[in-house]
Amino acid sequence: MPTLSDLAVRHTALDDADLEWMHSLVSDWQLLADLSFADLILWIPLKEGSGWIAIAQMRPTTGPTVYHDDIVGMTAAKGERPLLETAWNERRICREGDPDWSSGVPVREETIPVRRADHFLGVIQRSTNLSSARTPSRLELTYLQSASDLAQMVAEGRFPFSGAEPILVRSPRVGDGLLRLDRAGRVTYASPNALSAYRRLGLNADLVGAELGRTTATLCYSDEPINENLMLVASGREPRETEVESGGTVVQLRAIPLVVGGGRIGALVLIRDVTELRRRERELMTKDATIKEIHHRVKNNLQTVAALLRLQARRMQLPEGREALEEAVRRVGSIAIVHETLSHTPEEQVDFDDIADRVIAMTGEVAAPETQVVPLRVGTFGVLRSEVATPLAMVLTELLQNAVQHGLAQRQGRLQVIVSRGAERLDVIVSDDGSGLPEDFDLDQTTSLGLQIVRTLVVGELSGRLAIEPRQGGGTEVSLSIPLPAI
């Protein structure tokens, strides 16, 4: 389905500012649909003036829908929808006409002109399914009156709010809880859900007739300085959001000032109990902090082990023993690098390019000065999960160290790490132009501890493929192909 921007740019004369206004309107018009118990369709005049195109659609969550199929992208010829023409030409909300029975159910059609500053951009068609009509309750009457006020604000260019903070995905909705305030900030209506939320905050008195800002501040800030943002939201004077907490209950408030005919007539305050949501978020934050601390401690312990091995290596008299301990130090160090990176990230995944560069630099530092080996990385590893990053760091350490110690020993040469990442696999080639492989080399029969570790990690732990073969032009080329789990 084409997006609002695609349709507007291709078929209408809306400029960038107009398009931004439309995006703001559509991002928040679920509120109008729910208060109206009606479907909304946004129609914009076509460039050539021959008719209209529907660029957005919203169904209500509070009542039955009229349009089960998508309307977005449909066009209407000029004169085909008279109510659109009337609202557009007369610059007013049009409510004339009897219910339409053409679809088999009674539908009341209304049209609302959309205004930005001094010019009009389009028309909202509001369609109400009357099949379940009954005597409205006070809640429904309050919803409908609030919808009428919001529709008038759209027609006057006062909604959406210019320069207001963006609406969050988890902002309160109409069904979560609604309060209607008068000009003085007193509650004239409280929905059952809104009243229940305030009961959980500790309110014992009736909410209707109370000054919401003062009442909320008394419940939540008895011994603390009052949050100024709370007073602006709870009084309905600013289109903002805030949260209040009392007695372990967390309630989210969102204010929608109602400004009709140039004057403020009151406000709507949407309310949502987010206690359980915030509790889970705090648990996740605590869990993340614990995991990061564990990685930090593992890194410290590995560095301690590496230091002990290094001290032991210095005391070794046998060259073979000293070399084996130094190799162990490098292996432990490569794992420590991964845990150090994980200790700074909020999730169990890391940018492996930084780890690879540190492993490559470590290899260059331990190479003999006469070899003048400068390892080079070509390509990008990207973000990898920790269960891939840890063994891969060790594999990379072993392969680079093996190339320096054997393939490029006592000679100048080039050592490259060539990376190619796809959607589901990671391919890595470690290539050197050194002395090459022995004639009788067999990976399955090798006694090299380093290569045995590489084969075990790549094939056994990472479920990948490993190949070691002569490089064209001389030297050795090691190829890894590793499947990537979804991030």
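Biologist: What should I know before reading the values?

Modeller: This is a predicted model, where local features need pLDDT of at least 70, side-chain atom pairs count only at pLDDT 80 or more, and totals for chains, interfaces and linings use all residues. Residues are numbered from 1 along each chain as its sequence is written, and side-chain values use heavy atoms, with hydrogens and water left out.

Biologist: How many helices and strands does the protein chain have?

Modeller: Helices (H or I, at least four residues) and strands (E, at least two) are DSSP runs, numbered from the N terminus. Here there are 13 helices and 17 strands.

Biologist: What percentage of the residues is buried?

Modeller: Buried means under 20% relative accessible area, exposed over 50%, and partly exposed in between, with a 1.4 Å probe and protein chains only. Of the 487 residues in the protein chain, 46% are buried.

Biologist: How many aromatic pairs does the structure hold?

Modeller: Rings of Phe, Tyr and Trp (for Trp, the six-membered ring) pair if their centres lie within 6.5 Å; planes under 30 degrees apart are stacked, over 60 edge-to-face, and the rest tilted. The structure holds four such pairs. One of them joins W52 and W88, edge-to-face, at 5.6 Å centre to centre with 85° between the planes. W52 is in strand β2 (residues 51–58) and W88 in helix α4 (residues 82–90), so this pair ties together parts 36 residues apart in sequence. W52 has 3% relative accessibility and therefore counts as buried.

Biologist: Why is the pair of F352 and F381 edge-to-face?

Modeller: Because the ring planes stand at 65°, with the centres 4.9 Å apart. The pair links distant parts of the chain, 29 residues apart: F352 is in helix α11 (residues 352–366), and F381 is in the loop between β12 and β13 (383–385). Both F352 and F381 are buried.

Biologist: Which ring has the charged end of R91 over it?

Modeller: A charge sits over a ring if NZ of Lys or CZ of Arg is within 6 Å of the ring centre and within 35 degrees of the ring normal. The charged end of R91 sits over the ring of W88, 4.8 Å from its centre.

Biologist: Is R183 buried or exposed, and what is R183 in contact with?

Modeller: R183 counts as exposed because its relative accessibility is 58%. R183 lies in the loop between β6 (178–181) and β7 (187–190). Contact means heavy atoms within 4.5 Å. Leaving aside neighbours within four places in sequence, R183 is in contact with R237, R264, I265 and G266. R183 and G266 are 83 residues apart in sequence, yet 4.3 Å apart in space, C-alpha to C-alpha.
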